[in-house]
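Hi,

Here is the structure I promised to pass on to you. Have a look around first, then read my notes below.

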Amino acid sequence: MVHLYNLTLQKSSGINAAVYGNFSASKAQEIVVLRNKVVELLRPDESGRVQSVTSVEAFGIARSIATLRLAGANRDYLVLGSDSGRVVVLQFDKEKNAFVKVHQETYGKTGCRRIVPGQFLCADPKGRAICLGAVEKNKLVYVMNRDNEANLTISSPLEANKSHTIVFHMCALDCGLDNPIFAAIELDYGDADADPSGEAVAEAQKHLTYYELDLGLNHVVRKWSEPIDNGANHLIPVPGGSDGPGGVLVCCENFVIYRHQNHDEVRAVIPRRNSLAADRGVLIVSSASHRSKNSFFFLAQSEYGDIYKLTIDYSGETVSEVKVKYFDTIPPCVSLCVLKTGFLFAASEFGNHALYQFAGIGDDDAVESSSASLMETEEGYEPVFFDPRPLTNLYTIDTIDSLCPVLDMQAHNLTEEEMPQLYTLCGTGARSSLRILRQGIAMNELAMSPLPGQPNAIFTVKKSSSEEYDSYIIVSFLNATLVLSIGDTVSEVNDSGILGTTTTLQACLMSDESLLQIHPGGLRHIKADKRINEWRTPGRKQISKCTCNSKQVVIALTGGEVIYFELDSAGQLIEVEKLETSGDIACLDIGPVPEGALRNRFLAMGSYDGTVRVMSLNPDDCLQTLAVQALKGSAPSSLLVLQTAGTESTQGGLLLNVGMANGVLIRATIDQVSGQLSDMRMRFLGARAPKLVRTSVRGAPALVALSSRPWLGYSEKGTFVLAPISYVPLEEVCSFNSEQCPEGVVAISNQTLRIASIERLGENFNQTTVKLRYTPRAMSANPDTKMVALIESDQCTVPVGEREGPEATPADEAPETNDEDEEEAKMLPVEQFGAPKSSPGTWAACVRIVDPKEAKSTFVLELHKSEAALSLCHVFLTGPNELLLAVGTAVNLTFAPRNCDGGFIHLYRYGNDGRTLNLVHSTPTDGPVGALCGYKGHLLAGVNNSLRIYDYGKKKLLRKVENRNFPNFITTLHAAGDRIYVGDVQESIHYVKYKADEGSIYIFADDTKPRYITATLPLDYDTLAGADKFGNIFVNRLPKDVSEDMDDDPTGGKNIYSQGVLNGAPNKSETSAQTYIGETVCALTKGALQPGGIEIIMYGTFMGGIGCLLPFSSRSEIEFFTHLEMHMRQEAPSIVGRDHMAFRSYYAPVKNVIDGDLCEQFGALPADVQRRIAEEMDRTPGEILKKLEQVRSVAI
C-alpha cells in the first residue's frame, strides 16, 4: 500500500485578495494578502523592496478579507471570511511575529456554499460593524465594540436575508457617525425561477440595495433599493460624513454611476481604447481609494489593465459631476492597495505582482470623460476613446515573482548541473513565460570587481563597535594582504596598520576598538591610536589555525600547541593558558561573547584523528575537555559555533556545526551548562569540504557553508533551516554591512570580488525566465538535443504577424539590454497593454524551441490563424527511425459546448543543428487532438473520445487501430510496456491494452469514481498518480491479481471484455492514496531534487504553488508521522477555524497521505506543548524536530 508525505516546496504565489493596513504598529505600512489557503503579511522596506514578514498556512480556503479599526485605535484588526463557516478576527502579535486569533464565531456550514456567508466581507469605516455576505440569500452583520479593558468584543449575528437573491458585490458605506450602512448589487431571480416560459429571465433587473444597522434597536433593515444597469459588477464607497457626500460609485459595463438615496444618478462613460472592438464592453475589476485631509480620489482598473482616476465634484451632499480620467496601464489586478507612503501595490491576476511609486496623481492632460459632457445619441451614449501609453504616473519599484498559473511542469537536468531543474509553463497571454526553477535562495549581485590574484581569505571589520556599517574589506593573498576602504567607492588604503607583506589568517575588531591581525608569524594588535603591539611565535613554529571574538583569541601552532589569549581591562592581550596536543589541529572556533558576559565559555577544536572536542575557557578549568565526539569516515575541516535566536515557544540554542572533508555537514547541540554534545544531525552538502562562515539574517545569527555550491543556515519559526543558495560556486565569503547592502556578503569567486545580498528568504527556488507570445499549453523535452519544445495558443487574440502599432512586437522578441534594472522596470507595450483582441473562435498559436542552457528561444513557428495547439510529444517512429516532434491541433475550436472543424497532427523533424524545425507532413483528424504519446515506434493520439494508433506514412500518418469507447474527451496519455493509460476529462483513468497480432485495442480496467482529470503520472506498471480540477491528488493501483491475470492470460483479458462492471470495464482500479491540496493541480512530474536522492512526486498548482509527495520507506516512519499528525490536529488549530481532517477530505476522505505542512508547525508550538506531545510519543522534542528535518531534506 502506498503511503505518502505531502509537503509544500513553494507556497502559492498567486493572490486572490489583498488589503492595506497598520497591523504591527501605528505607522507601519503593511499589506496582507490571501494566497487561497495562505495568509501572508508583506511590508515594503526602506529601499522599496517588498519583504514577507510572516506567512501562515490556513488549512482552509480564505475567500474574503477586510481591515477593522475601532474608533480611537491606532492599529488594525484583520477579519477573514473562509470556507470554515466561521468569521475570524485576527490581531498581529509583534513578539510572536504572527497573527493571533481574537475572535472566532461560528455561523454556518463548512465549504464554499451558495447560501453560507463568507464570499463577501466588508467592515464599517468607523469599526462599528462587519457584514458577511453569501453569493445567495444570506447576509450577517456583527456589531463590534470594546469592553472595559479595551478588548475587542463581537455581538451575536444579525440577519439580513432575502431569498431568491444573488449578490454580485458588497461594500460598507462611509456614513460618518450615523448608523452603519452596507450596500450590495443584487439580482432577484424569484420571478425567473417560477416562469416556465423563460421570458422573466430577460426582464430580471439588478438592484442597488442599502442595508442599515440600527445601533439603537440592534437590528438590520433593508433601507433602500433602486434598479441599476444590468452590467453593474463593482461598488466603490464614497467618503461621507464631514469628508464627502457619501453614497457609492456603481461600476457598470462602460459606465461609472454615482448613486445615493434621495439623489439623482450621475453617470459618466468609461474611456475605451481605440483598438477595442465596438461589441466589447469595459468592466471595472478592481479599485482603490486615496484620501488626504482636503480631498479624495479613486483608482479603478478595467479588465484590460487600464487604470482610471475617478473624481467627484460636490457641494455638501449634492454631487454635480463625476469625472473618469485615463491614468496608466498595468497588468490586470485582483486587488489594488494605495499606501500612505506614496506606493501602489498591484496584486496581479496572473503573472508577477508589483509595487509602484506614484510619479504623479494624474494632473496631466490625459483623456477624460465627465458626466457633464455626456452625450446621448440614438445608438446610446457617445463613447470617449484613448490610446494606452507607457507608464507616466507610476514607476515600478519592485516586482514579486509569481508562477500563477503553473500550466505544466517537468523535472529534467537538461543543463547538466548538480541538481535537476523544474521547467514550468506560467502566465497567460502576452505575459506568459517558461520559467526554469533551480533549487536555492536567490542572490542579488550588487557589485563585481576583478582582483590581482587568487585570494585565500576575506574579512570585513568596522572602525568601532558602535558603527552600524563595515569600514574595511581585508583581502588576504598567499604572501600579501590588501586593505580596501568602504565608502561611496571601494579604494585601497595603506595607513590601517595591517601588515601588508604577509597572508592574513584572521582579522577582527576587539572590544576596546583596537584591530587584531593574525598572520602565520604572530599577532598584530593595532590600538585605536595606531600604536602596534606584536606577539611573535616561538622558534620556527607558525600559526596554522586560529579563531577570535571581540575579547578572546585562540591560536594553534604547527605541532599541535594551542595558546589562549584574553583582552584585559587595560586593552592588552594576555596569554592565559597553553595546551600541548598529540597532533596538528584541523580547525578551531569560538563563538561571539554573549551580551553581558566577560567571555565565551566554549572553544570547539577539531583534530585530524576524526574527533571534535568542546573545551572550557573558564578561568577555573581553562582548556579542559568538556566533551569529545568521534566522527566517522572523515576528518573535520571547518567548525562554527552558532547561537540560535530563541522564540516565545523555544529557547535559543548553541549549535556546533562541523564541516567534514567528505562534504558532509554535521550539526550538534552544545549543552549551555555542561558543554556536552547531543542531537547530532548530518547532511551532505556537496563534493567539496564545507567551509563555514558566520553571518546574520534578519538580525539573527546565521551561517554560510561553502561547498560545491553555497548554503545558508538560519533559524525560522523555532527550527534551523539549511537551504542552498542559487549562485556561482564561492571560494571565500564574509558578512558585509553597508548602507546599500544592510545584510549582505562579500565573496571571492574565480579572482573576482563580489558583493551580494540574499533575496526573498524562504523561497526555495530561483527563477530564470524565457518570455513567450501566447498562453503556453504543453511542453516536451528532447532527450537527444537537450532542447525544450513547447506549444502556445490563445483564443480571441490577433496573431503576431497581423498586429499593428506598439503591440506588434511580441514579448519574446524584446531587445536585449545590459541594464538589468531598466529591463525590469520597463515592459514591452504588448506586456503592459495586453495582446489585441479578435472575434471569438479565432486563435493565435505557435510552436517554440527553447535552449535551456542559454534560456533563449532558438525557433518559433506560427500556426494558421484558425488553429489552436493543444498537445505535443517527442515520438520515435519506426518508418524514418528518428525522433520527431508531433503537435496536435484543433481548427476553429470553441467551448461550451466544445465544437471545432476538425484538427491536425503536424509532424516536425529537427534541423541539423537541433535548434530548428521542418514540417514533415500534416494529418487531418475529425476532432481536436487532446493528447499525444509515443508507443513502441507508433504514435498514440486522443481525438475527442477516441484513442488511435498511427504509423508513419510518407504523405501523412496512417491510422492503424482505433477505440471509440471512451466516455467524453481524452486529456492525458501515457504508455508503459504494452499498457496504455488514458485520462478522460470527466471519467478518471482507464487502463488500456493493445494486441498487435489482432490489431485491437481495448479497455480492461477503469476507476469507480468520476474524476475530472487535469494531470496524470505513471509511477510503476500498475500504479498511476492523478489530479482533478477540484484540487484532489490521488494514486490509483490495479489489484495484484488483476494485473497478473492480464499478463498471464494469452488473450490479455479480452475474453471478459464484454462482461463490464458498473457500466464500465470488467476490472476496477483501487484508490491507494488520496488528499485534497486546496488548489487545482495542473501538472504532475517526478524526479530527485537531491544528488543521489529518491524520486518524489512533484505537483504544480493553478495558484503558482509547488509541492511534493514523498514515499515512506518503513512502517515505523508511517506510524511516527501518523501519530504526530493526530496530535498536531488537536494542538495547532487552523487560523480560519477549519477542521484539518475535514479540509484534507474536502471531496473524498483523505487516505494514506500525511500532511507535512501541519507536522512542520510542531517547531512553532510552545515549549510545554512540544514536550507534552513528545512524551506521549515516547520521544524528545529534539528527536521529533530531527525527524521532520530529515524528511524535508529528502525533498529539498
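Here is what turned up when I went through it.

Before anything else, keep in mind that this is a predicted model.

Let's start with the inside. The largest nonpolar core is made of 45 residues. The ones with the most contacts inside it are Tyr-5, Leu-9, Met-1098, Phe-1121, Leu-1124, Phe-1162 and Leu-1188. Pick Leu-1124 and look around it: setting aside neighbours within four places in sequence, Leu-1124 touches Cys-1159, Phe-1162, Ile-1173, Met-1177, Ile-1184 and Leu-1188. There is also a second, separate core, this one with 24 residues, including Ile-236, Tyr-308, Val-324 and Phe-386. As background, nonpolar side chains in soluble globular proteins tend to be buried together.

Next, the cysteines. How many disulfides does the structure hold? The count is zero. Take Cys-252, which is in no disulfide: its nearest cysteine sulfur belongs to Cys-251 and is 7.4 Å away, while the cut-off for a disulfide is 2.5 Å. Cys-252 is buried, with a relative accessible area of 1%. Cys-846 is in no disulfide either, and there the nearest cysteine sulfur, from Cys-426, is 16 Å away. Cys-846 counts as buried too, at 0% relative accessibility.

Now for a stretch with a label. An unreviewed UniProt entry lists residues 15-400 as "domain: RSE1/DDB1/CPSF1 first beta-propeller". In the model, that span is 53% strand and 3% helix, and its end C-alpha atoms lie 11 Å apart.

For a closer look at some strands, go to strand 8 (residues 86-93) and strand 9 (residues 98-106). They pair in the antiparallel sense over eight bridges, and Val-89 stands opposite His-103 in strand 9. The two strands form a hairpin with four residues between them.

Last stop: helix 5, residues 1040-1048. Which of its residues are buried? Val-1042, Ser-1043 and Met-1046 are. These three cover an arc of only 100° around the axis, so they sit on the same side of helix 5. The buried residues of helix 5 pack against strand 81 (979-984), strand 82 (989-995), strand 83 (1000-1006) and strand 87 (1067-1068). On the face turned away from the buried side, you'll find the exposed residues Lys-1040 and Asp-1048.

Happy browsing!

Conventions
Residues are numbered from 1 along each chain as its sequence is written. This is a predicted model: local features need pLDDT of at least 70, side-chain atom pairs count only at pLDDT 80 or more; totals for chains, interfaces and linings use all residues. Side-chain values use heavy atoms; hydrogens and water are left out. A nonpolar core is a set of buried Ala, Val, Leu, Ile, Met, Phe, Trp, Tyr and Cys residues joined through side-chain atoms within 4.5 Å. Buried means under 20% relative accessible area, exposed over 50%, partly exposed in between (1.4 Å probe, protein chains only). Contact means heavy atoms within 4.5 Å. UniProt positions are given in the numbering used here, feature names are shortened, and annotations may be inferred rather than shown by experiment. Two strands pair if DSSP finds at least two bridges between them. The arc is that of the directions from the helix axis to the C-beta atoms.
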